[in-house]
Amino acid sequence: MARETAQAAVALGGGHGLAATLSALRRLHDDLTIDDLTAIVTVADNGGSSGRLRGEFGVLPPGDLRMALAALCGDDEWGRTWADVVQHRFAGDGEMNGHVVGNLLIVSLWELMGDHVRALDWVGRLLGAHGRVLPMATTPMDITARVRGGDPDDPTRVEVVQGQVEVATAAGQIESVALVPEDPQACPEAVEAILAAEWVVLGPGSWFTSVIPHLMVPGLRRALAETSARLVVVLNLEAQPGETTGFGPEDHLAALYEHVPDLTVHTVLADATSLGDDREQLEKVVADRGARLVVADVCVAGEPHHDPDRLADAFRRIVDEA
């Protein structure tokens, strides 16, 4: 049933985590619970096809943008076909090995149009995407991390690691992350989308390399502080080996607040099965921050990722109960 007032939603993140959120929110967009849907995507990847294109052409890494666009494709034949096409990765032994069709398409339009946002809008039109995809910033950047315990001979030593791939695979415990440059220019359309939204969704995903980086872009951080939108944090189902080894649900929240102490969160969404004995502690942490904890079955038993239909049901509940 359509709501009487417009509901605009913005999802922040990157990679498979953002794709899961978008697949769920697209269902709310299709049934008119959400009228306007925008993805704001991390652009710090330096590995794989994206890293190669970034290095050769000096462009934003297109991979996470491509995945977001594919997630917004419809469930009809057109949407499924184009989602498969843009996600197709070339094999073989030549220079094309490992490149992805969607990455090449996006970079081609960037070169032709000279405008990141306009080109992404064109790709979205071609795919019939049920929403808009924007980069979080308009220039490439790197993620750096302070990592403790990477040297087994000196477990108290803290090293600075640079690069998304290097941070995600660093040995030791990540203490904090930052961006290089420290003050990248936020995509103006992304700022506008946050300010106009009723809902902003952060997570799930690689916590230090896909989720928290949005909070490090000054323009986005200001927009999150100024917007009247309700911020929903979707917790990961489990710790990510290397990046968040040993983290419980409350540790993920603590990492957000350590980077942005004044972050205002409306709702924290957690998977019922994943919580286990951590539920009581998480309830306390969430309540202490003035937020609401929603616990739901958002994954299929035995599956390591959020289920789009179940996640959509949880989002619908959050919106309807607001």
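Colleague: Which residue in S7 does Leu12 stand opposite?

Modeller: This is a predicted model, in which local features need pLDDT of at least 70, side-chain atom pairs count only at pLDDT 80 or more, and totals for chains, interfaces and linings use all residues. Residues are numbered from 1 along each chain as its sequence is written, and side-chain values use heavy atoms, with hydrogens and water left out. Strands (DSSP runs of E, at least two residues, numbered from the N terminus) pair if DSSP finds at least two bridges between them. S1 and strand S7 (residues 199–202) run parallel and are joined by 4 bridges, and the residue opposite Leu12 is Leu202.

Colleague: How many bridges pair strand S1 with strand S2, and in what sense?

Modeller: Ala8 stands opposite Asp36 in S2, and Ala9 stands opposite Leu37. Strand S1 (residues 8–13) pairs with strand S2 (residues 36–41) over 6 bridges, and the sense is parallel.

Colleague: How many residues of S1 are buried?

Modeller: Buried here means under 20% relative accessible area, exposed over 50%, and partly exposed in between, with a 1.4 Å probe and protein chains only. One side of S1 carries Ala8, Val10 and Leu12, the other Ala9, Ala11 and Gly13, and all of these are buried. The count for S1 is therefore 6 of its 6 residues.

Colleague: What is the strand order of the open sheet of 7 strands?

Modeller: The edge strands, each pairing on one side only, are strand S3 (132–135) and strand S10 (292–296). With parallel pairing, the order is S3-S2-S1-S7-S8-S9-S10.
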